[in-house]
Amino acid sequence: MKNELRAYTYDTLVSDIELLKNDFPDLEVGSIGKSVWGREIYYIKIGEGRNVISYNGAHHGMEWITSMILVSFVRDFLRSRSRGGKLAGFLPSALAENSTVYVIPMLNPDGVELSANGIPDFLNDEERQRLIEMNEGSTDFTHWQANANGVDLNHNYNALWERSKAMERKNGIFGAGRTRFSGEYAESEPESRALADFTREKDFKMTLAFHSQGKVIYHGFMDKEPPYSSEIAKAFTKISPYKIEEISGIASVGGYKDWFVDEFMRPGFTVEVGKGENPLPIECFIDVYRETLPILLGAMTVSLP
């Protein structure tokens with residue numbers, strides 16, 4: 001079943017990246033790995049400062065609006081910098097001297113495809129039937145969060161992963177499906193493993209994972225974040241309508257932000273953009289982007305040890 005809502009798809013991402021490369025030939029674009037179905041997981045590098053940080057979007061398929069936000073941010077940042085102008089009150093040329101940002105717009109391209117367009121034509125009947133079974137018998141994949149294996153990527157990191165696994169049955173999760181299934185082991189999926197490996201390789205000093213929805217910011221994990229992490233989060237609330245909240249239950253473990261803080265003891269944030277029912281309609285993009293842009297720019301001003 002096709003999603004009647006317009007969505008930001010993987011094909012759109014590829015097209016937008018090509019446009020960016022045409023407009024900015026020196027732009028560094030690469031891939032951190034491939035999805036279950038062989039799609040590239042792209043990164044875009046902006047800036048050349050000493051603070052090496054990362055932004056990622058679309059851990060969850062139906063949260064494709066986060067990919068649209070991140071690509072729009074890259075485009076507007078590069079255009080403003082090339083013109084020597086400001087963007088939302090910030091000077092991109094100065095930000096680029098302070099920070100290097102690796103942007104991974106769409107970690108879960110297969111999940112985005114399922115949410116946006118339903119089951120792809122290249123799958124055989126057996127593969128199609130397996131997906132329908134994982135989707136509780138429905139051919140409507142609009143609210144699909146997981147990857148093509150039915151694993152929720154933001155429960156697949158080694159941050160109290162065993163606790164996440166233990167809570168599955170209490171939350172009605174009995175195997176692979178559209179949401180909350182943690183996988184067979186931490187980093188079992190090519191997408192989560194690729195991001196974890198890329199994070200280890202680049203040694204990020206701070207990360208922001210963008211999800212939807214709620215207009216909230218989550219930070220820290222098991223009291224392992226540095227003291228200045230909360231100050232950064234508070235600064236974000238002063239330049240945006242987003243508020244700091246605590247998270248509990250099955251969503252509080254196994255996530256990328258959790259793993260980053262646990263592994264590196266550095267600032268990691270989950271930013272839940274917009275407010276409403278996922279997938280947020282594309283019609284709300286302009287407002288959500290305007291609210292989120294100051295955080296994307298403000299994070300580049302931080303001085304990190």
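T66 sits in helix α2 (residues 65-83). Helices here (H or I, at least four residues) and strands (E, at least two) are DSSP runs, numbered from the N terminus. This is a predicted model, in which local features need pLDDT of at least 70 and side-chain atom pairs count only at pLDDT 80 or more, while totals for chains, interfaces and linings use all residues. Residues are numbered from 1 along each chain as its sequence is written, and side-chain values use heavy atoms, with hydrogens and water left out.

T66 is buried, at a relative accessible area of 0%. Buried means under 20% relative accessible area, exposed over 50%, and partly exposed in between (1.4 Å probe, protein chains only). The T66 side chain reaches the backbone nitrogen of A58 at 2.8 Å. Leaving aside residues up to four places away in sequence, T66 touches G57, A58, F210, H211, S212 and V273. Contact means heavy atoms within 4.5 Å.

Helix α2 also packs on α1. Their axes lie 11 Å apart, at an angle of about 10°. Axes are lines fitted to C-alpha atoms, for helices over the stretch in contact, and angles run from 0 to 180 degrees between N-to-C directions. The two helices are therefore roughly parallel to each other; angles under 35 degrees count as roughly parallel, over 145 as roughly antiparallel, 65 to 115 as roughly perpendicular and the rest as oblique. From α1, the contact uses L13, D16, L20 and D23. From α2, the residues are V71, V74, R75, L78 and R79.

Now the sheet. It is open and has 8 strands, in the order β1-β2-β4-β3-β5-β8-β6-β7, with mixed pairing. Two strands pair if DSSP finds at least two bridges between them. β1 and β7 (243-244) are the edge strands, and each pairs on one side only.

Start at the β1 end. Strand β1 (residues 28-34) pairs with β2 in the antiparallel sense over 5 bridges. E28 stands opposite K45 in β2. The hairpin of β1 and β2 has 5 residues between the strands, and G38 takes a positive phi near 85° there. On to β4 (residues 99-104): 3 bridges join this strand to β2, and the two run antiparallel. I46 has V101 in β4 as its bridge partner. In β2, 5 of the 7 residues are buried, so the strand is largely enclosed by the rest of the structure.

Further along, strand β6 (residues 216-219) and strand β8 (residues 268-273) pair in the antiparallel sense over 4 bridges. Y218 stands opposite T270 in β8. Helix α8 (residues 228-238) packs on the sheet and touches β5 (206-212), β6, β7 and β8. The direction of α8 makes about 175° with that of β6.

Aromatic rings come next. Rings of Phe, Tyr and Trp (its six-membered ring) pair if their centres lie within 6.5 Å; planes under 30 degrees apart count as stacked, over 60 as edge-to-face and the rest as tilted. The count comes to 19 aromatic pairs. Y10 and Y42 form a stacked pair, 6.4 Å centre to centre with 20° between the planes. Y10 lies in helix α1 (residues 10-23) and Y42 in strand β2 (residues 40-46), so this pair ties together parts 32 residues apart in sequence. Y10 and Y42 are buried.

Y157 and Y256 form an edge-to-face pair, 5.5 Å centre to centre with 65° between the planes. Y157 lies in the loop between α5 (125-134) and α6 (161-167), and Y256 in helix α9 (residues 256-264), 99 residues apart. Y157 and Y256 are buried. Ring pairs link Y157, Y256, W259, F260 and F264 into a cluster.

Terms used:
A polar contact is a pair of N or O atoms within 3.5 Å; within protein, one must be able to donate a hydrogen and the other to accept it, and residues adjacent in sequence count only if both atoms are side-chain atoms.
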